[in-house]
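These are my notebook entries on one structure. I record what I looked up, entry by entry.

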Amino acid sequence: MLALFARRAVQAALILLGVAAITFVLLYALPADPAVLLAGRNATPATVASIRHQLGLDLPLPVQFWNYLVNLLHGDLGRSFNQKTAVAPLILARLPATLTLMAAGIAIEVAIGLTLGVIAALRRDGVVDRLVMTLSFVGVSTPQFLVALLLLYIFAATLGWFPMSGYGTPAHLVLPAFTLGILGAGWYARVVRSAMIEVLGQDYVRTANAKGLSAPRVVLRHALPNALLPVIAMIGIDIGQFMSGTVVVEAVYGWPGIGQLAWQAIQQVDIPIIMGVTLVSAFAIVLGNLVADLAAPLIDPRIRAA
Amino acid sequence: MLKTLMRSTALAAALALAPAAALSVALPTPAAAQAQGGDIVVTYKDDIATLDPAIGYDWQNWSIIKSLFSRLMDYTPGTPDLVPSLAESFTVSPDGLTYTFKLRKGVKFTNGREVVPADVKYSIERAVDPKTQGPGAGFFGAIAGFDDFTAGKATGLAGIETPDADTVVFKLSRPDATFLHVLAINFSSIVPKEAVEAAAGDFGKKPVGSGTFVLKEWVIGQKLVFARNPDYFVKGVPHIDSFTIEIGQEPLVALLRLQKGEVDIAGDGIPPAKFLEMSKGPDAKEMIVDGQQLNTGYVTLNTHIKPLDNVKVRQALNMAINKDRIVRIVNGRATPANQPLPPLMPGYDTAYKGYAYDVAKAKELLKEAGYPDGFSTVLYSTNTDPQPRIAQAIQQDLAAVGVKAEIKALAQSNVIAAGGTEGEAPMIWSGGMAWIADFPDPSNFYGPILGCAGAVQGGWNWSWYCNEELQKRAVAADSMSDPAKSAERVEAWKKVFIDVMADAPWIPIFNERRVVAKSKRMGGEPNIYIDPTRVINYDAIFVKN
């Protein structure tokens, strides 16, 4: 167990180093001189030189990379070209919003997905099953912006049940979290359904049924826990994805998360912010997978043994 | 030397230049007549960048910085007319090399300390200092000692003197007729040294000034709250009690909220998809503000690249473009242009008709120039909508006269880099990068983009156009700092720009107007929501009773 953790942690560190190297190259793949971008169109050559010196752009490339890594380890992600301020606080200030939305989104998709998946598996090939599978298919293939705008238009603009945009109260969270949850639930429903069907066909389930256990007890106590493994892995992936990939939802609902910051930075070619968000997202994805890898043996003793 | 001094009021009057007719909108009524009070909400999609006046230089923070700080000079709201602000009065020496300002007495920074002449010297030196890394240093090039200071040979600007408790004297190394405008731009905002030092490099997040508003709260990524400065030195200004800027708001959602009354100004304007619906709505008149800006969109014709080095070819291309059709691409939110200056700018020639759209004549001129079958060239454009569509319209118009233009739609920084590299880009559509004047003076539209000094590696004169004779006349015009000659100076500039058009280094395409959506309760003329020198003028807007 500990050896597994150590191995995974080393892998994670190597992946992050690789991402750091790639984002560093990104800065130098640019045609334009970052110092000129920072200085603006009326800058004097003295100003540009001063910026170049302060950013350390006049140093040899390996030295610059080393400095960059050292700064990263100190939590310094550089200064935004556009906002002219340190990047790390910008990302840090937006973390709570992103984490809140991520947690709420995952809770909703898991709740909906699990319920529908189990029901569909129990009513396999019936009307309910077909309905669930069709809905989940629609769910996974509908673009986020469409659902986001529809929910916003119906429940906020027309009915006025929820605020249209912003952050701060639980009411603000409902629509963005449901947008993520409804769309993500389809995946979970499909995965849970097939895992459940497989488990329901196992001998021990038949034995449990034969013992005369009540149906809910068989499903919830004997079958479901064994069908949960893929769900844990999916949550791990979603943690990573939602940390970086809720751009559309955040943009539509004015949710002040990292995705919104990234979207804005991409449009403004604000490289230091793009680099910072990329690193943080990579970190989240690695962390999410790490958590999933470590949670699996806790749930399934067979993995623990291996 | 200072014998024929003029009182500031006389100078201000002289500077209230010609374009009053072009403005056509009434000045806001005096402050007392307007309703006081009200808390309003303004939305933007993007974060607000730094509020440090020595560094901030984009269209969002420009208007906020204007209101957080005060400067020696300012403009009458909604107009390009200069008036003294923090200065109570000023005088200019006859040779145009010495400007003497008397400060208003008793003006206080919002930290409670009185504004003194040393603050003026400190603030402008700070804007020029390469260590500040501000984009505005170049504006102050005429102040004596500028070169020594920026080269690190001096510790300050020798040309700024503070002889007594309420006087600041600027000594220039060359006459600069735009100098009063320079003292009105954001980079000339007066800041208290102790607050800058206390903020330790983060003054942009903790601004302290002596303007109409104070920053009360800044929640990163969410909102900024500004409250009126109760001690502002003009009584009755501003009119609103506070404004909150909410950021991260999609323009479409912002408009829905505006229609529900949750938002007062949708700062990003109206997306094309919503424009028709809103403009047909019953409240369109009260909610849509449409105003001119000091901007011109143009196509540069590179005079260093064949066959565009031939003036007849350039004139022919000027006749080949159907500008009305291009205006339709931007939903009619622009006016076709025929000269470099925008109509709001002093020196705009209303009598000049430009090159009319005439395909037959264009073909004829190309034939005369030796290109009866046209030629192939490349047209650069930025790659964000609607710029590539506009470039395509230009491409089609050029094809109609036999010119095959390949479109290169690139990221903005790549287009700027290509434009500033000699012999690289034959034609560039300036959309998305178009020159918006920093201050309402015609010289701002010549030097960097049409003058010889801009035709250098990394410069903004993408036509690489350099007419020595016009250059001399431009320099002469900018030396006329005697206020009595300001009309003559504008006339001289007007002729320079019309003569530029004879050489046809540009195809002027249109002057884009800006559209802002506001709630019905907001009062005031369009020109204080789209103020030529500040965009939204927070000092002048008000909530109706």
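**Entry 1: a strand pair in chain B**

I looked up the bridge partner of Val225(B) in E10(B) and found Thr244(B). Helices (H or I, at least four residues) and strands (E, at least two) are DSSP runs, numbered from the N terminus. Two strands pair if DSSP finds at least two bridges between them. E9(B) and strand E10 (residues 242-247) of chain B run antiparallel and are joined by five bridges.

I then turned to strand E8 (residues 213-219) of chain B, which six bridges join to strand E9 (residues 223-228) of chain B, again antiparallel. Leu215(B) has Phe226(B) as its bridge partner in E9(B). The hairpin of E8(B) and E9(B) has three residues between the strands, and Gly221(B) takes a positive phi there, near 80 degrees.

**Entry 2: the source of the model**

I noted that this is a predicted model, in which local features need pLDDT of at least 70, side-chain atom pairs count only at pLDDT 80 or more, and totals for chains, interfaces and linings use all residues. Residues are numbered from 1 along each chain as its sequence is written, and chains are lettered from A and ligands numbered from 1 in the order in which they are written.

**Entry 3: an open sheet in chain B**

In what order do the four strands of the open sheet lie? I found E4-E5-E7-E6 (chain B), with antiparallel pairing. Strand E4 (87-92) and strand E6 (160-161) of chain B are the edge strands, each pairing on one side only. Strands of a sheet pair through backbone hydrogen bonds, either parallel or antiparallel.

I followed strand E5 (residues 98-103) of chain B, which is joined to strand E7 (residues 167-171) of chain B by five bridges. Thr98(B) stands opposite Lys171(B) in E7(B). Helix H4 (residues 117-128) of chain B lies across E5, E6 and E7 of chain B and runs at about 35 degrees to E7(B). For such angles, axes are lines fitted to C-alpha atoms, for helices over the stretch in contact, and angles run from 0 to 180 degrees between N-to-C directions.

**Entry 4: Val516(B)**

Is Val516(B) buried or exposed? I recorded Val516(B) as buried because 22 other C-beta atoms lie within 10 Å. A residue is buried if 20 or more other C-beta atoms lie within 10 Å of its own, exposed if 12 or fewer, and partly exposed in between, with C-beta atoms placed from the backbone. Val516(B) belongs to strand E19 (residues 506-518) of chain B. Beyond its neighbours within four places in sequence, its contacts include Ile265(B), Val289(B) and Tyr529(B). Two residues are in contact if their C-beta atoms, placed from the backbone, lie within 7 Å.

**Entry 5: chain A**

I counted 15 helices and zero strands in chain A. Buried residues make up 41% of its 306 residues. Its C-alpha atoms fill a box of roughly 85 × 55 × 30 Å along the principal axes.

I checked helix H4 (residues 61-73) of chain A: at 1.5 Å a residue, its 13 residues should span 18 Å, and its end C-alpha atoms are 19 Å apart, which agrees. The expected span is 1.5 Å times one less than the number of residues. Gly75(A), with a positive phi near 80 degrees, follows H4(A).

**Entry 6: the contact of the chains**

The contact takes 35 residues from chain A and 33 residues from chain B. Helix H8 (251-260) and helix H15 (412-419) of chain B each supply at least two residues of the side of chain B that touches chain A.
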